[in-house]
Amino acid sequence: MTKMETGWNLDNSYTHLPESFFTRQSPTAVRSPKLIILNDPLAATLGLNVQVLQSKEGVAVLAGNQIPKGALPLAQAYAGHQFGNFTMLGDGRAVLLGEQITPLGARFDIQLKGSGRTPYSRRGDGRAALGPMLREYIISEAMHALDIATTRSLAVVTSGESVIRESEQPGAILTRVAASHLRVGTFQYISEWGTVEDLRSLADYTLQRHFPGADAAENPYLFLLQEVIKRQAALIAKWQLVGFIHGVMNTDNMALSGETIDYGPCAFMDAYDPGTVFSSIDMRGRYAYGNQPHIAGWNLARFAETLLPLLHANGEQAVKIAQDAISEFSDLYHYNWLAGMRAKLGLFNEELQDESLIEDLLNMMHKYRGDYTNTFRALTFDAPKDMELFGTTEFAQWHERWQARLGRQQEAKAASNQLMRNSNPGIIPRNHRVEAALEAAVQGDYSVMERLLAVLSTPYAHSPEQADYSTLPGPSAYPYRTFCGT
Ligand code: AMP
Ligand code: MG
């Protein structure tokens, strides 16, 4: 019998870019790898054999102890504005194994995160702890199920080694799958330290990889800027619509593909409050929920700056082109957000007053500390009980306005209700549930996490078994804090 193959089909297009863009770097082997979780459906999409991945040989690859056929491992160089300050970064604890070409011909980066030191590690140990890697796994998969563009998680393995954080923790490696790891920070790095020709090769590579159609554009680099802006406008609107707070929207954590990337101190908002911040290091609320669209615009302006030499030979003209493109972002974002909010309220057509109807609801939620997800869920199922907000005259008046508004569209009530069901998740990764799953996992019990992942995989199912997962944390869970760099 011939030996079964894992199905690795790796290409390495990134290695054809100028050498200064990366450093060849293999993962550092770990003591005793153990598979904790494997994403079977994702493996299948990638053309990988689940049985072989689970075997000793497969796990050795997921741990970085063995290099799969066709891989040319490397650490990518990049820079970034961290909380507004520009600095040199790069993959300090990750290596790109290569790009998996799927049976359908799609291309995905396969990256090991927590795989050991690289030339970009600075003072870091190059490693990751189990809790935070499982956290990235859970939340990225929840985002995917919510239909939000995101990097995916293929597997988490423990290393059999400890990492030292606030306490000693089990070490782990996450296999991350991404459309690419090209970031705003990649362009910042080349713009700061490379030549214009380097920049052009990076821009051409990005266009080829993510934005077909540039050939037909009059100015392909303007096309690149506009397309990146469009994708971010759509992405950030989706975050806002489900109450997702990224927590560390530094320019190195903004992917040009339009995928959500780098799940560190992220969390979902419970009670609606635009000022919500979870990250322990975000003292001034730079990355608060309500500030995310503004910060996305700021990051995109940094991206536009890097493109100036490509946008026009004349510096002033280039600035004008960049500014015009950037000024589109807030309208594009707003358009996406408003369309999504209309759907959340079951509205198919557009009326001028829709925005004030939406704002008034959000303001009431803010005033009465209404839970963001559960308020929309209660409106969807016409079950406004147990909630302070719903007992008020203010709400009664608003409800009347909303019902009258629904009555002014052609679609039947049932269609409108279906739209709401499909637009308002019943299930989000509630912070207390995620914490409980991680606590059990670090103790060696993965069942809590497995149940949570199953529930999170169908956020719009609204099935009775899920109801338990929509309950709020007790008062002791406040204020919730998340930690970075773990
Ligand atoms: P992040 O906050 O996860 O976006 O990381 C910011 C930068 O710090 C990136 O360049 C990471 O690769 C690097 N980094 C984070 N944790 C570690 C670590 N334990 N060892 C080395 N580099 C790290
Ligand atoms: Mg990062």
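Helix 4 (residues 130-145) has 16 residues and spans 23 Å from its first C-alpha to its last, close to the 22 Å expected at 1.5 Å a residue. That expected span is 1.5 Å times one less than the number of residues. This is a predicted model: local features need pLDDT of at least 70, side-chain atom pairs count only at pLDDT 80 or more, and totals for chains, interfaces and linings use all residues. Residues are numbered from 1 along each chain as its sequence is written, chains are lettered from A and ligands numbered from 1 in the order in which they are written, and side-chain values use heavy atoms, with hydrogens and water left out.

**Helix 4**

- Helices (H or I, at least four residues) and strands (E, at least two) are DSSP runs, numbered from the N terminus.
- Buried means under 20% relative accessible area, exposed over 50%, and partly exposed in between (1.4 Å probe, protein chains only).

- Most residues other than glycine have a negative phi.
- D147 follows helix 4, and its phi is positive, near 70°.
- D147 sits in the loop between helix 4 and strand 10 (152-164).
- D147 is exposed, with a relative accessible area of 54%.
- D262 also has a positive phi, near 70°.
- D262 belongs to the loop between strand 12 (244-245) and strand 13 (267-268).
- D262 counts as buried, at 15% relative accessibility.

- A polar backbone atom of G92 is 2.7 Å from an oxygen atom of ligand 1.
- A polar side-chain atom of R93 lies 3.2 Å from a nitrogen atom of the ligand.
- A backbone N or O atom of G126 lies 2.9 Å from a nitrogen atom of ligand 1.
- A polar contact here is a pair of N or O atoms within 3.5 Å.

- On its own, ligand 1 has 490 Å² of accessible area, and the protein covers 86% of it.
- Accessible areas come from the Shrake-Rupley method with a 1.4 Å probe.

Notes
Polar contact = N/O pair within 3.5 Å; in protein donor to acceptor, adjacent residues only side chain to side chain.
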